[in-house]
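Reader: Could you walk me through this structure, starting with what you count as a contact?
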Amino acid sequence: MFKRFVYVTLQLVLAVSLCGYPHTGTAATDGDVAVAKSLENAFAGVADRVGPSVVAISTMHTAKMRSPGGMGDDEMFRQFFKDFFGDIPEREYMQRGIGSGFIIDPDGYILTNHHVVDGADKIEVILPDGRKFEGKVKGQDTRADLAVIKISASNLKALDLADSDNVKIGQFTLAVGNPFGISSKPTVTVGVISALNRSLPRSSRGDRDYSDLIQTDAAINPGNSGGPLVDIDGKVIGINVAIISTTGGYQGIGFAIPINVAKRVLGDLISGRKVLYGWLGVNVQDLDEDLAKQFGLSGTEGVVVAKVMSGSPAEKGRMK
C-alpha cells in the first residue's frame, strides 16, 4: 500500500514538472525516469523503516451524564424532572478514542500526545504486526501535549530522533499514523514543510500551549495525533498534533510539535517525574511597527508586556 501511494504521488509530481518544459510530443527521458525512481525509492524506503515503529492507540473512557432518555440539554425539562422525581440519576457510558504513537525505546516506551490518552480508563496499543498490549501512562506533560506510555514488550524497533531546529521550509516530509482507526498498519502520506513557528489558540482546557509548531501539507486526519512526522531519512522531526479544517478532515494544513520540545522532557516523562515550567506571570504581544514607533524604538525585536498578573513573580519583581 505504501509503495502504491508513493508511486501515484510521484506520477503527479513528474507530470507537473514536465509541464514546465516546451511540449515536444516526446516521452520522458531515461534521466527523468531515473530521478523519479530515485525519489520513489527514497519514500518507499522511509515507509519500510518507519512503519514497524508506529503504533495504533485505542482508548476507553467511562463518562457519566445526568440525563433521562430523550431529555438532552433542555434546562427547563431538567428542572421539571427534578421537581417531580428528585435528583436526576447518573448514567454511565463508554467513550472510545483513537490515536497514534511511536516507539522511542526498545523496551516498550512509546511517545504520543497527552490528549490521546488523557482520562482513559483503558489504553490498548496495537503494533503493526497485530500484537496487542495494555498501555500504562508513565509520564505526561499537559502543557506541551505529550505523554509516554509503556507496554510489556522488548526488542522493539525505536525511531531515530532528528534535530528539529534544522528543519527548513520546503523540505520533504512524511506523516505516519493511524487515521480514523482504519488499521493497525500505519498510513504514510507525503508532503513538504509549509511553514515554521506556527501558533494555535489555547485549547478548551486552557492549559495546552500550541506554539512554535511545524506546519505541513502532508495529509493528517483524526487518529494521526501522536504519530511521527519524519524527514526523508526516516528520522522524527515532530509529533503530529492538530489540523485546521472546516470539515473535520484533511484540508492541507496540519501541525506537529517539534521533536526537540519532546527531547527536553523525555527523561522526566519516562521516569514519571512531574514536568515543571517556570512562570513569570505576564501576558505579552508581538512588537509591531506601530508599537515600536509609539515607544520610540528603532526595531521590532522582542515583545510588549501587555498585562502583569496579580500576585505573580513579575508583579513582585515590579515589572510594569
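Author: Contact here means that heavy atoms lie within 4.5 Å. Please keep in mind throughout that this is a predicted model.

Reader: Good, so with that in hand, which residues is Asn224 in contact with?
Author: Leaving aside its neighbours within four places in sequence, Asn224 is in contact with Ser100, Val176, Gly177, Asn178, Pro179, Ala219 and Asn240. Asn224 is found in the loop between S10 and S11.

Reader: Is Asn224 buried or exposed there?
Author: Asn224 counts as buried because its relative accessibility is 3%, and the cut-off for buried is under 20% relative accessible area.

Reader: What about Asp107, where is that found?
Author: Asp107 is found in the loop between strand S2, residues 90-105, and strand S3, residues 109-112. With a relative accessible area of 44%, Asp107 is partly exposed.

Reader: And which residues does Asp107 touch?
Author: Not counting residues up to four places away in sequence, Asp107 touches Lys150, Ile151, Ala153 and Ser154. For Ala153, the C-alpha to C-alpha separation from Asp107 is 6.1 Å in space, although the two are 46 residues apart in sequence.

Reader: Lys150 ends S7, I think; how many bridges join S6 to S7?
Author: Five bridges join strand S6, residues 136-141, to strand S7, residues 146-150, and the two run antiparallel. Within this pairing, Val137 has Ile149 in S7 as its bridge partner. The hairpin of S6 and S7 has four residues between the strands, and Asp145 takes a positive phi near 60° in that hairpin.

Reader: Switching topic, which strands make up the closed barrel?
Author: The closed barrel has six strands, running S8-S9-S10-S13-S12-S11 with antiparallel pairing. On average, neighbouring strands of this sheet are turned by 45° against each other, direction ignored. Helix H2, residues 30-50, packs on the sheet and touches strands S8, S9 and S11, and its direction makes about 35° with that of S8.

Reader: How many bridges join S10 to S13?
Author: Three bridges join strand S10, residues 213-216, to strand S13, residues 254-258, which run antiparallel. Thr216 stands opposite Gly254 in S13.

Reader: Last one, which residues lie nearest the centre of the second largest pocket?
Author: Ala144, Asp209, Ser211, Val261 and Arg264 lie nearest the centre, out of 13 residues that line the second largest pocket. By class, that lining has eight nonpolar, one polar and four charged residues, and about 260 Å³ of space lies in the second largest pocket.

Definitions and conventions: Residues are numbered from 1 along each chain as its sequence is written. This is a predicted model: local features need pLDDT of at least 70, side-chain atom pairs count only at pLDDT 80 or more; totals for chains, interfaces and linings use all residues. Side-chain values use heavy atoms; hydrogens and water are left out. On a 1 Å grid over the protein atoms alone, a cavity is a set of points where a 1.4 Å probe fits but cannot get out, and a pocket is an open set with protein on both sides within 12 Å along at least five of seven lines; lining residues have an atom within 4 Å of a point. Grid points are joined across faces, edges and corners, and a volume is the space filled by probe spheres set on the points. Ala, Val, Leu, Ile, Met, Phe, Trp, Tyr, Cys and Pro count as nonpolar, Asp, Glu, Lys and Arg as charged, and the others, Gly among them, as polar. Two strands pair if DSSP finds at least two bridges between them. Axes are lines fitted to C-alpha atoms, for helices over the stretch in contact, and angles run from 0 to 180 degrees between N-to-C directions. Buried means under 20% relative accessible area, exposed over 50%, partly exposed in between (1.4 Å probe, protein chains only).
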